[in-house]
Amino acid sequence: MNKNWNRREFLQRASAATMAALAAGAPVSNILSSCKGLGGPDSSADTVILLWMAGGMAHTETFDPKLYTPYATGMEGNRVLSTFKSVPTILDGIHFSEGLESIGKVMDKGTLIRSYVAADMGHILHSRHQYHWHTCYEPPQTVAAPHMGSWIAKELGPKNPVIPAFIDIGQRFTVGEAEELKAFHTAGFLGNEFGPFFIPDPSQGLESVRPPVGMDAKRFERRNQLYNELINNSPVGEFGSDYQRESLKRSMEQAYTLLNSPESKAFDLSTEPKESYNIYNTGRFGLGCLLARRLTEQGARFISVTTEYEPFKGWDTHENGHTRLKDMKKQIDGPIAQLIKDLDKSGHLDRTIVVLASEFSRDMMVEGRPDQKVQEQVNQPDILNDLKFYGMHRHFTDGCSMLMFGGGIKKGFVYGKTADERPCKTIENPIKIDQVHQTIYQALGISADTQYEVEKRPFYTTPDGKGKAVPELLV
Amino acid sequence: MVHFPISLLCVALLLEIIDWKKKSDKLRAAISILIWIGTISAVVAVGLGWLLASEGEYGGDSLEIHRWAGITTMLLASLALICLQRNKLPLYRTLLIITVFGVSFAGHYGAMLTHGDDYLSSVLPFNQTPQLAASETPDFLLANNGQTLTPKQVEDLNIEVRTILAHNCYSCHGEAKTKGDLRLDSKEAMMKGGKDGVVVIPNHADKSELIRRISLPAGHKEAMPTKGKRLTEKEITILRYWIEKGAQWPEGKMKSIYRVAALEPRTPAIPAATGDLTKPIDLFVNNYFQKNKLAWTKVVDDRIYIRRVYLDIIGLLPPPEKIDAFVQDSRPDKREILARELLNRNDDYAQHWMSFWNDVLRNDYSGTGYITGGRFDITKWLYTSLQVNKPYNWFVKELISPGKGSEGFIKGIKWRGTINSSQRTEMQAAQNVSQVFLGLNLKCASCHDSFISDWKLEQSYAFANIFADTLLEINRCDKPTGKMAGRKILFPELGEISVDASTEKRLRQLADFLVQPKDGRLYRTVVNRIWAQLLGRGIVEPVDMMDNAPWSEDLLDWLASDFAANGYDMKKLIFTIVTSKTYQLPSTSVKEAGDIMANNYKFTGMVRRRLSAEQFSDAISTSFNPMYADSAIVIKLLTEDIKKKLPFARAGFVKNDPFLTALGRPNRETVSTSRTSQANLLQALELTNGEKFTETLKRGAKEWRIKYPTSDLLVTALYRNALGRAPMPKELVVAKKILGANPSEESIQDLVWAIALIPEFQLIY
């Protein structure tokens with residue numbers, strides 16, 4: 001028996017050594033993932049596209065409309081639950097708010113969640129809730145928490161080695177609250193390697209993956225050749241198989257490969273047929289959806305496309321909510337529906353999860369939770385004497401809508417319910433952020449208790465590893 | 001051993017495929033032998049396996065799967081062999097393929113049986129467990145049957161037992177999680193048992209539920225632990241023995257099962273000078289070398305030395321003329337002179353070390369909290385403190401018991417709204433002070449009692465309360481407990497805090513207590529940090545876990561006591577290190593990043609490092625063209641004359657940007673005490689087509705083309721500036737191939753780009 005033990009121990013070590021050797025020569029994440037997969041659940045997806053409705057998207061004005069009350073000067077705000085008419089969707093008895101007809105028509109390909117409940121963090125702040133949504137941890141944290149995209153990049157690695165595993169489209173960091181945004185757009189303790197590859201402007205996507213402006217392919221290749229010759233001739237070459245030298249060389253080669261690869265053409269939206277381009281072209285968000293589709297086709301792993309967060313812009317409506325939401329819906333409705341249709345047609349939707357979400361919802365009267373008094377962030381009169389007060393301007397956390405499509409998510413399914421009277425809060429199947437994360441991870445085959453030791457403490461994908469997937473959402 | 005030959009079947013299949021592809025049968029004879037050996041072994045393994053299983057050591061689903069998969073495999077292999085003998089090739093090939101699948105399948109379950117179901121993942125990185133004290137104590141004598149144990153033996157045995165329990169059981173049966181209402185982390189709790197009754201019956205190991213559960217085979221639904229590694233036979237034997245001997249748990253203060261470093265300072269005797277070794281560091285390292293059978297190697301040449309000390313002390317590349325002068329200098333003590341000169345360049349020194357301390361004290365020029373008044377920067381204070389080389393004890397005092405300029409560190413970052421109680425600013429202060437100054441991790445214990453050290457929740461709160469105007473209610477895992485903790489320093493030996501004094505006074509007390517000479521831990525922590533900065537790896541690693549074992553305790557203790565004896569003079573400490581022969585040893589490297597941190601690390605010389613983001617940027621600025629415009633300097637946060645003091649816009653004095661982030665400058669939301677040296681794709685992309693670097697190359701090339709009209713002049717100047725040497729003939733040839741006789745702007749850009757990315761430029765070696 002003892003002999004047997006020793007032999008097995010030997011094999012165990014030998015395989016560790018092999019792993020280590022492989023790891024030195026190949027992206028570590030690939031090797032890690034191939035082993036981790038053994039313990040994880042079976043996967044139904046391998047790509048995620050997150051469509052981020054930044055700034056708080058009111059559920060009653062979008063995917064969970066309530067009684068419509070048209071504007072009249074002098075009306076009571078409390079009477080207004082929705083400022084838009086309801087329109088039917090392809091699903092029986094399910095209505096969306098006017099302006100989302102196209103998405104309504106593809107709901108047979110996905111799940112509508114009407115019961116997301118955001119965390120209770122007192123004072124409602126976009127940046128804290130966004131941090132929480134993307135990392136699953138409430139800020140501040142003593143350990144830098146990784147973005148969901150970084151966890152996925154770390155666990156599964158790039159799907160196609162020349163496409164960065166985590167791509168973030170549409171967010172600029174020159175806007176207000178940029179620092180708070182940076183705090184969660186990070187791989188945290190997992191290390192820069194798994195951080196986001198930023199494409200703030202999708203129409204400039206190509207810039208990020210082509211040789212510097214003004215450098216043609218020939219010169220780019222010659223420069224790389226020169227680099228290799230200089231390395232080989234440098235007297236410091238005597239360092240041999242130094243890991244730093246190797247990791248430097250390897251990453252430079254990867255960059256060179258990416259910039260030279262046929263896949264990099266996917267970043268170039270100008271090669272998209274005009275007709276299709278026009279459907280997507282509702283602005284930066286729409287083009288972001290187009291870029292996400294093209295990258296998915298080439299083997300992206302995690303892509304986030306945002307309507308972009310900037311205080312008091314986009315979904316962050318502190319006034320003129322009704323008027324501004326018309327615009328917002330125009331921006332998202334066509335491109336999102338087209339994205340689903342295109343992915344479905346090409347077969348990619350089978351293995352790609354598309355998630356639409358926002359940090360919280362909005363209401364005209366209630367700030368935060370219905371039963372909890374928090375500081376009101378928006379001054380909203382009880383009697384509306386100006387159209388600018390007509391809209392959902394306060395932050396509401398107790399009932400928010402989400403959409404999920406593809407990659408093993410149920411089709412034509414509705415989960416959860418909110419009340420039809422104010423407060424329009426979740427009354428059935430509440431779902432929290434750690435459940436959202438775990439559902440996505442489960443679909444990807446990432447085990448629910450995935451964790452790393454940081455400063456000797458286990459750090460899980462969801463706090464204390466407690467998050468549980470929602471089986472009802474999956475096929 | 002019987003299982004190994006079975007895998008020859010896999011080799012046989014491989015050879016078979018080769019033959020198949022080549023449509024030959026050259027390998028047939030070999031394949032035939034392999035299949036014979038494999039099949040016979042499979043028969044033997046099945047026979048022996050059956051015997052072993054009937055002895056009852058294993059059980060459960062894995063066993064059954066292994067049993068039947070093994071038998072099937074054996075039968076398949078035999079069939080394949082028969083077909084081969086009868087020359088039925090297609091059938092034989094199919095059978096062989098299926099057999100190989102069977103081997104993998106049976107093998108996998110066999111391995112789960114003996115190693116537990118995490119046998120693959122448990123050897124992967126990040127699966128380390130905390131360093132425990134017990135591993136250093138000698139193996140306990142398990143063979144003294146019948147004799148009573150001495151008190152010392154009782155204690156040692158108990159420590160072994162607690163170590164095993166801590167390692168394997170506490171995470172589910174401790175203070176934080178108490179599955180089945182069972183806790184195993186104290187005598188009372190353990191003897192009380194759990195929801196299903198008593199688990200330990202003293203003197204009766206066989207009747208003890210604990211032993212039964214840990215002895216069950218993996219996969220059995222009652223087996224413990226349910227997750228993670230199985231206990232080893234040795235561990236089970238120790239637990240059994242302990243119960244047989246009465247399950248004794250000594251009364252009184254328990255000796256820690258974790259390695260705990262001494263608090264008080266120690267001044268080890270300096271070994272006698274020997275040969276050309278006279279400096280204490282070298283003599284301690286010499287002892288270490290002798291003990292580990294390592295030999296001294298020749299110190300590095302002048303060119304390497306000057307590059308190292310320039311980068312390590314002031315963060316800049318040495319100018320070529322300084323290198324020439326240094327090489328030609330014939331004074332025997334020229335290295336000491338150089339080190340002293342560099343240390344005396346107060347501003348250059350401060351400008352380099354600023355980045356290190358910004359990381360450590362999580363001070364940045366932009367970041368969360370500044371706009372809302374939830375965070376304060378300490379930039380001006382920090383720069384001045386480094387510039388005047390403030391003694392370290394004062395430096396620490398001013399951070400803990402701060403004035404306006406330095407209060408940002410303990411004030412922490414305040415986010416608006418309700419936050420987790422373990423993240424309150426007072427708790428942040430407690431965590432950051434203990435991490436940064438004492439190399440001690442309170443983060444676990446600020447939520448619940450730690451299960452990786454002896455720190456308790458109550459101690460964290462007592463420490464945090466020193467920073468709090470009103471006492472904080474203890475929250476366990478963010479739930480109020482109704483209890484209060486008082487105000488206490490983590491090491492009561494250092495002094496007693498006046499509970500009712502004002503916060504200001506308490507902080508003054510705390511600062512005074514912490515910087516006392518008798519707080520050896522404070523000084524060991526900082527000398528170890530500086531050592532790690534200069535030598536690429538601490539004497540203790542990770543540098544924030546000062547309870548871990550140093551590779552040379554004498555060296556660490558001596559450095560700390562010498563530091564104290566020299567008035568806590570940082571520059572003196574750096575001087576002592578960089579003028580030692582030890583620092584001047586040739587640099588070393590490892591096969592992969594993780595090896596540097598490994599427990600069995602052996603020091604043989606400085607570990608090669610990559611230039612930091614700031615060093616790289618500054619190196620481009622000095623050797624080619626400035627990376628940043630003067631307007632990028634964060635003037636507002638600094639003293640007015642800073643522009644005069646900065647030789648150019650050094651990267652340590654601009655706001656973080658995508659370029660610096662990609663090269664490893666951390667987002668300073670949390671304390672960050674080391675940077676990774678490994679390159680990655682995002683970084684490479686930033687350097688390959690990032691705007692910042694590309695623009696610098698373009699600007700610089702314009703100027704250089706005018707300044708150096710011929711390729712020879714240009715290449716020579718570039719090599720001298722960037723690498724501190726003239727190009728070698730073959731390098732000149734390569735460079736000229738791209739530059740031609742008269743360099744164009746584009747070709748200059750490309751050459752500079754290539755040189756900036758070769759390891760010789762990127763590394764401190």
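Tutor: Look at the hairpin that β1(B) and β2(B) make, with two residues between the strands. In that turn sits B:C477, whose phi is positive, about 45°. The strands themselves cover residues 473-476 for β1 and 479-484 for β2 of chain B, and they pair antiparallel over three bridges. If you want one bridge to click on, B:N475 has B:P480 as its partner in β2(B). On terms: helices (H or I, at least four residues) and strands (E, at least two) are DSSP runs, numbered from the N terminus, and two strands count as paired if DSSP finds at least two bridges between them.

A word on conventions: this is a predicted model, where local features need pLDDT of at least 70 and side-chain atom pairs count only at pLDDT 80 or more, while totals for chains, interfaces and linings use all residues. Residues are numbered from 1 along each chain as its sequence is written, with chains lettered from A and ligands numbered from 1 in the order in which they are written.

For contrast, hop over to chain A. There, strand β1 (residues 47-52) runs parallel to β8 (residues 302-306), joined by five bridges; A:L50, for instance, is bridged to A:S304 in β8(A). Those two strands belong to an open sheet of eight, ordered β7-β6-β8-β1-β9-β13-β5-β14 in chain A, with mixed pairing. At its edges are β7 (197-199) and β14 (413-415) of chain A, each pairing on one side only.
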